[in-house]
Number of protein chains: 4
Amino acid sequence: MNFASDNASPAHPKVMAALAKANDGFAASYGADPIMDEVRGRIREIFEAPESAVYLVSTGSTANALSLATFCPPWGAIYCHEHAHVEVDECGAPEFYTGGSKLVLLDGAHAKIDPAHLQTKLEAAAPVGVHNVQRGMVSITNVTEFGAVYSVAEIAALAAIAKLWDLPVHLDGARFANALVTSNASPAEMTWKAGVDVVSFGGTKNGLMAVEAVVIFDPSKAWEFELRRKRGGHLFSKHRFLSAQMQAYLQDDLWLTMARDANAAAKRLADGIAALPDASLMHPADANMVFPVLPRARHQAAFDGGAQYYLAPMNATLDGPPDDPVGARLVCSWCTTNDDVDGFLDLIRR
Amino acid sequence: MNFASDNASPAHPKVMAALAKANDGFAASYGADPIMDEVRGRIREIFEAPESAVYLVSTGSTANALSLATFCPPWGAIYCHEHAHVEVDECGAPEFYTGGSKLVLLDGAHAKIDPAHLQTKLEAAAPVGVHNVQRGMVSITNVTEFGAVYSVAEIAALAAIAKLWDLPVHLDGARFANALVTSNASPAEMTWKAGVDVVSFGGTKNGLMAVEAVVIFDPSKAWEFELRRKRGGHLFSKHRFLSAQMQAYLQDDLWLTMARDANAAAKRLADGIAALPDASLMHPADANMVFPVLPRARHQAAFDGGAQYYLAPMNATLDGPPDDPVGARLVCSWCTTNDDVDGFLDLIRR
Amino acid sequence: MNFASDNASPAHPKVMAALAKANDGFAASYGADPIMDEVRGRIREIFEAPESAVYLVSTGSTANALSLATFCPPWGAIYCHEHAHVEVDECGAPEFYTGGSKLVLLDGAHAKIDPAHLQTKLEAAAPVGVHNVQRGMVSITNVTEFGAVYSVAEIAALAAIAKLWDLPVHLDGARFANALVTSNASPAEMTWKAGVDVVSFGGTKNGLMAVEAVVIFDPSKAWEFELRRKRGGHLFSKHRFLSAQMQAYLQDDLWLTMARDANAAAKRLADGIAALPDASLMHPADANMVFPVLPRARHQAAFDGGAQYYLAPMNATLDGPPDDPVGARLVCSWCTTNDDVDGFLDLIRR
Amino acid sequence: MNFASDNASPAHPKVMAALAKANDGFAASYGADPIMDEVRGRIREIFEAPESAVYLVSTGSTANALSLATFCPPWGAIYCHEHAHVEVDECGAPEFYTGGSKLVLLDGAHAKIDPAHLQTKLEAAAPVGVHNVQRGMVSITNVTEFGAVYSVAEIAALAAIAKLWDLPVHLDGARFANALVTSNASPAEMTWKAGVDVVSFGGTKNGLMAVEAVVIFDPSKAWEFELRRKRGGHLFSKHRFLSAQMQAYLQDDLWLTMARDANAAAKRLADGIAALPDASLMHPADANMVFPVLPRARHQAAFDGGAQYYLAPMNATLDGPPDDPVGARLVCSWCTTNDDVDGFLDLIRR
């Protein structure tokens, strides 16, 4: 019953098998391995983007920070939600990699950017010559940090606003697969067809050990990205071990299967919680995360029974009146079972 | 017969087994995994440094750049050999991570820093107030990029010069194990007992998939290092997969065994080459790298026979008179066999 | 009738005379001029801070950015008002100089930081290990960008909150003199006695050509500041010309006289405006700036009559119904005369 | 008899007069002053470059660092002489402003870049993919730090090599006027006609208080330069005081007159020294600097007689045998008189 994070889950056995298979003798290093050729081709197919540049890195912060730095100059403002991962969970990696860009924070329910707020902020940024930072780019997170999923139309609406000022659009897709299976969209629809210029296409949270792809739809940016990746220390010498993970991920739609399973577990969990008379959900459980509000005593019962997850906000505590409502975040993974979910529901139902 | 790079070699089967074992259910993320506790303790034992801070990252450039940035301010000069990896092979990662330090380049045979040159440069750096960059730190690479190994006494001599100006000393040990088995020194003797403050303790080139440890002997630097690692995008969420590799590496001295095997293969290779009447070695084959000069025709025969390695310098070519001497770099790995070596020697002997 | 900015005003004749006097033959460069010795001593006296480090630079953005960079690491958050100069008017200079710090924006009427908001934000920043940027420092602007003046007690209250987390406090005193004469405080009371660690002590907006002092109360930070100033290109070779301006500024309290005159002009202006039946002030005219709201037609009359100033916000326009209220910013300078003020009032009264 | 530095000299009286004249009432700030319009037009005329972008800053390090950062990416190498000002006298400002570029150091007599060395270095930089820093730009200093002047042909030769790899060329002209009057070239011939893309056109060392112009021949770089200038804190609010200095500088060729006078003084000085039987010159006294080697006793006599200058290298000392040859640097300024020169010669002749 571990709902702490999809980051705490194991890698899928097929991924481990692919690693073992890739570990066969010598291979060209630094991304010249033949598996990467296959992966690049496959990702271009999946995204219907034959000219796109495709790279692998090992953490989501890296995928995001390199993407932002490649598209936004140091004096550019990056417009993102105030609860975006790039703002709250990367210790300033975007600022570091861009050379000091400013993240401009936007409101919106469930960590989805309010389009009106984006437009207002961009209009208000009417530059007074060189005195302000300049409009730089827009970064959208799908699935959001609060578990909500943007529809393709919602992404397109935000991108359309960005394009009023010719701004590039980044999609932080650390949970891209989970967003995709919810929205029934194709990868192309969710990205470049909607106006997205670069996407962090996550794998680590969805069954890989540590791989994220970056897909850049304008190949003229490719070389700069490669230099930034190397200079950041993110080019793996034994790159085949990144390639192999991504290869297994894409084979037979394993990535979509894992995301569907995680989302289904979350739905079962959310439905079970919502059926309680004294429970509610802070955010729609669109993907693989559930943000319930429960009486403190129910949390206590869950923890006593061995469930693992975080209260939300993180400085919430179990000390206090037992009937007080207390928020939490539960994350389902590709390997979360019905037994895990039902076991948790049993605990909190007592 | 792949002598292209130790980076092109596979991971040791015990490493793969450790990864498989670590992939068992859920685990705490971001370095809080229990395997890391074990690894930290073991590295502290190996280095006889119970207070040291120990971190894992996934590339050698990262280990180096974060180490340099933690010990050297942006206005500090980093003294290193002109052929050091930090200068020639990291696309400016040290400059990026330090915020613009200047690498001051030193001479010395076989890519070993000439102590007299270090002292001269440091004396000449007599600061003229704020006008110059200030003396910052010294970075030593052992094994050097040209395959030579510093003795403990040689490292201590360089560090002693650094300490005349209270400068911290970094050891780039991407091939630390190979250096150690050659010099018959203990890890402590090769590092802090010789005056080294921080060491990049390599694993990737010696049988791991992608793990390097950073060992910092002054724990007061630990927190800054952790922030820099995170901010650089180098903190793995599923950190246990780094820990597990290092765990296997250290178990039963696998790291030393692999290094001994690689070094022995290189010695066999160097001896075989040196026995040829028209061959010579550019650098002593102290560890796992051999830099022969051979008539061009012998290279041609080797490549025709399927051997893989780089000419040196890298812009050397096979076009030209067959008797002309042409340099090369051959790297042996933990898995290089006597058959590989003898097969190569057979080819060039024809 | 130029109320566009105190930046548009000339230098005081005594300043010009001091420059001419300083231009006498050769002088030691880079801050070693004897006038700087005198200035340093005088500023230490004025601030009752005999150990303080005192430096001169030529722009307010520089004084701020160097001060922030000296006290806040790249991974530190700088807490400031959302309308602070460091946030809105320096094109990201703080981010550039700090190496990518994040400015965390606070609310508060009249561009004064709401202490409760500061405390809430700092509490909410309860660090989750390395994942967030860390609490870094607090920057207060006095006079605020909206013309309000913090009392000493208000600054002390903010600093006291900062000190709960041992954070350094910066005072952006581009209009320090104007704030001081309003609050009847001594420089020491307004700064270190209230908990301020470093102050940008402005001169350019108050009668100098281009000089700001930075006063650092903890001399252990002095050397780092000097290196950052040089590295930023801000150390003047012919430094005596900065020193001479500051010398004249401090002589016979010229700086306070000029500030008093500017503030008095603003008060006369504010009183005159407030007496109009259809006018109001957006912010208290505590110092030398007045932010009136007037019917559009009155602005038109003023501009037609030759008055110069900016509408506020800057994208406001004179196109529209003549009775609509439209905001503006009028800034008085050391040389603004009663005739200037009365001339303006005459125009808008018509 | 002050030969310490042209930085220690005063501003020309006409410059002071221009400042006084510019200090007349209010003026538009941040470079929108009408004097700047005039200056811009005049510099475009002088350089025969009607489309060029022209900016003013207050220090030479700033002019250089902003120029380099505008033309060279963080991963680019800047090729310069090992004794260039950008390398030895700016505390790493180029590295700071570029975001961590690497300065690649070249040899050459009298601090003039040896074209063969430049070509060799650029050829050797044959990039190995992303592993190295990339070829970035070339920076040439004229007058060199050792007082030598490149002819137009020499600059063109270096630029031609740079253009083999399409690299931009920067000219550090802190003493541009002194170089120009020596070489009898026009500003256009010395710069864009010879292949220079951006020039730091110095004024401070040649009779101004603190102004350098940057002239960018490709106007597409102008906006980025403006943003970098602002972000670096180098945009003056009361910009007219920079403009006015440059206006006076250019009026009636004052800049050329001052440079001619300084060069003539240096020639008189060099000739007088060279006539001594035990003296020699380390470098040709092409412009306004003289680098003599004299018996120590002659230096002692000069210092005893009140002469001011630096020994060279800077750690040379007057302690030692009186006949030992000791180097020195003497700099003449626009205001150095024949009496100054002859007075010095009298002292050392004794």
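## Chain A as a whole

Keep in mind that what you're looking at is a predicted model. Chain A is built from 14 helices and 12 strands. Along its principal axes, the C-alpha atoms of chain A fill a box of roughly 60 × 60 × 30 Å.

How does the radius of gyration of chain A fit with a compact globule? A compact globule of 350 residues would come out near 20 Å, and chain A has 21 Å, so the two agree.

## Inside chain A

Of the 350 residues in chain A, 62% are buried. Now look at who touches whom: take the contacts in chain A between residues at least 6 apart in sequence, and 78% of them join residues at least 24 apart.

## A closer look at C:Cys335

Hop over to chain C and find C:Cys335, which sits in the loop between strand 12 (325-331) and helix 14 (338-349).

Leaving out residues up to four places away in sequence, C:Cys335 touches C:Ser9 and C:Pro10. As for C:Asp304, it is 31 residues from C:Cys335 along the chain, and their C-alpha atoms are separated by 23 Å.

## Where chains C and A meet

The contact between the two chains takes 18 residues from chain C and 18 residues from chain A. On the chain C side, that works out by class as 10 nonpolar, five polar and three charged residues.

Conventions: Residues numbered from 1 in each chain as written. Chains lettered and ligands numbered in written order. Predicted model: local features only at pLDDT ≥ 70, side-chain atom pairs only at ≥ 80, totals over all residues. Helix = DSSP H or I, 4+ residues; strand = E, 2+ residues; numbered from the N terminus. Rg over C-alpha atoms; globule rule 2.2 N^0.38 Å. Buried ≥ 20, exposed ≤ 12 C-beta atoms within 10 Å, placed from the backbone. Contact = placed C-beta atoms within 7 Å. Nonpolar A, V, L, I, M, F, W, Y, C, P; charged D, E, K, R; others polar.
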